[in-house]
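Take a look at the model below.

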Amino acid sequence: MAQQQETVLTFRGLTRRFGGVIALNKFDMELTNGQILGLIGPNGSGKTTSFNVLTGIYEANGGSIEFLGQDITSWPAQKVYEAGVARTFQRSRLCLELSIFDNIMIGNHKRLNQGLLFNIFQRKALKEQIQENHEEARKLLKIFDPALAEKMFDPVGSLRMIDRRRIEICRALISHPRLLLLDEPSAGMTHEETRELMDDILEVREMIDGLSIILVEHEMGMIERVTDKCIVLNFGQKICEGAYRDVASDKLVQEAYLGGE
């Protein structure tokens, strides 16, 4: 008998309205340990809104969110992050003038001692903390591209787009999340860069035990290759769920999103 997978995340009837517009309409979803779930649909279908409600940026108007057995529906963004949810955004949120290391450390403030007295009077411990985090950041970068690990103090603004995306993902991973949310990571990339990023995502899942991923993406080649299952949203409602092959052949999905004859 196959061992039952731990449920990491559950949406039950999740609803979000903006005035008279229903952005999410009683959305149900379940994610298990180590799973990569693709969340797809037309622009405005509620994909990023679901991320924003999950991470505490928007409040839910109905339904519930359970993460690792806890109801986090009304939690603020900082508490959700501290519980083990990290994300990237559609548009790059990097500080281009800062170094790779500095940008990654922005995502690690829950694990850093930032106390004034610590930083002034415990210089040896502070140095050790910086060295430990430097080494951890290097290890993460090596998963994506060993050459990046040798450029830790180069400004991010000097990097190509795929490397900036890699830095954003490392910034999310440095906090040791159980759930990683990737919002259109291939945006602005070439086909070759997108292929490289697919390899990166699969490598991350292989290297980091227990990490679950939700991927919002319009590049269907990426969805097909890296996801274990897909959910399709349209006008805030779930219209289909299953393996990519089954979802892609669904008539309703073809009419709403993928295009059909």
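The dialogue goes from the overall fold to single residues.

Q: What should I know about the source before reading values?
A: This is a predicted model, where local features need pLDDT of at least 70, side-chain atom pairs count only at pLDDT 80 or more, and totals for chains, interfaces and linings use all residues. Residues are numbered from 1 along each chain as its sequence is written, and side-chain values use heavy atoms, with hydrogens and water left out.

Q: How many helices and strands does the protein have?
A: Helices (H or I, at least four residues) and strands (E, at least two) are DSSP runs, numbered from the N terminus. The protein has 10 helices and 10 strands. Its radius of gyration is 19 Å, close to the 18 Å that the globule rule gives for 261 residues, so the protein is as compact as a globular protein of that length. That radius is taken over C-alpha atoms, and the rule is 2.2 Å times the number of residues to the power 0.38. Along the principal axes, the C-alpha atoms fill a box of roughly 65 × 45 × 40 Å.

Q: What percentage of the residues is buried?
A: Buried means under 20% relative accessible area, exposed over 50%, and partly exposed in between (1.4 Å probe, protein chains only). Here buried residues make up 50% of the 261.

Q: Which share of the contacts links residues 24 or more positions apart?
A: A contact means heavy atoms within 4.5 Å. Take the contacts with a separation of 6 or more: residues 24 or more positions apart account for 68% of them.

Q: Where does T73 lie, and is this residue buried or exposed?
A: T73 lies in the loop between β5 (70-71) and α2 (77-83). T73 is buried, with a relative accessible area of 18%.

Q: Which side chain makes a polar contact with that of T73?
A: A polar contact is a pair of N or O atoms within 3.5 Å; within protein, one must be able to donate a hydrogen and the other to accept it, and residues adjacent in sequence count only if both atoms are side-chain atoms. The side chains of T73 and D71 are joined by one of 2.6 Å. Leaving aside neighbours within four places in sequence, T73 is in contact with A60, G63, S64 and I65.

Q: Is S74 buried or exposed?
A: S74 is also found in the loop between β5 and α2. At 68% relative accessibility, S74 counts as exposed. Its C-alpha atom is 7.2 Å from that of G56, 18 residues apart along the chain.

Q: What is the phi of K26, and what is that of F235?
A: Most residues other than glycine have a negative phi. K26 has a positive value near 50°. K26 is found in strand β2 (residues 21-32) and is exposed at 63%. F235 has a positive phi of about 50° although it is not a glycine. F235 sits in the loop between β9 (229-234) and β10 (237-242), and is exposed at 67%.

Q: Which residues does I57 touch?
A: Not counting residues up to four places away in sequence, I57 touches N52, R87 and F89. I57 lies in the loop between α1 (47-54) and β4 (62-67). I57 is partly exposed, at 46%. I57 and Q5 are 52 residues apart in sequence and 29 Å apart in space, C-alpha to C-alpha.
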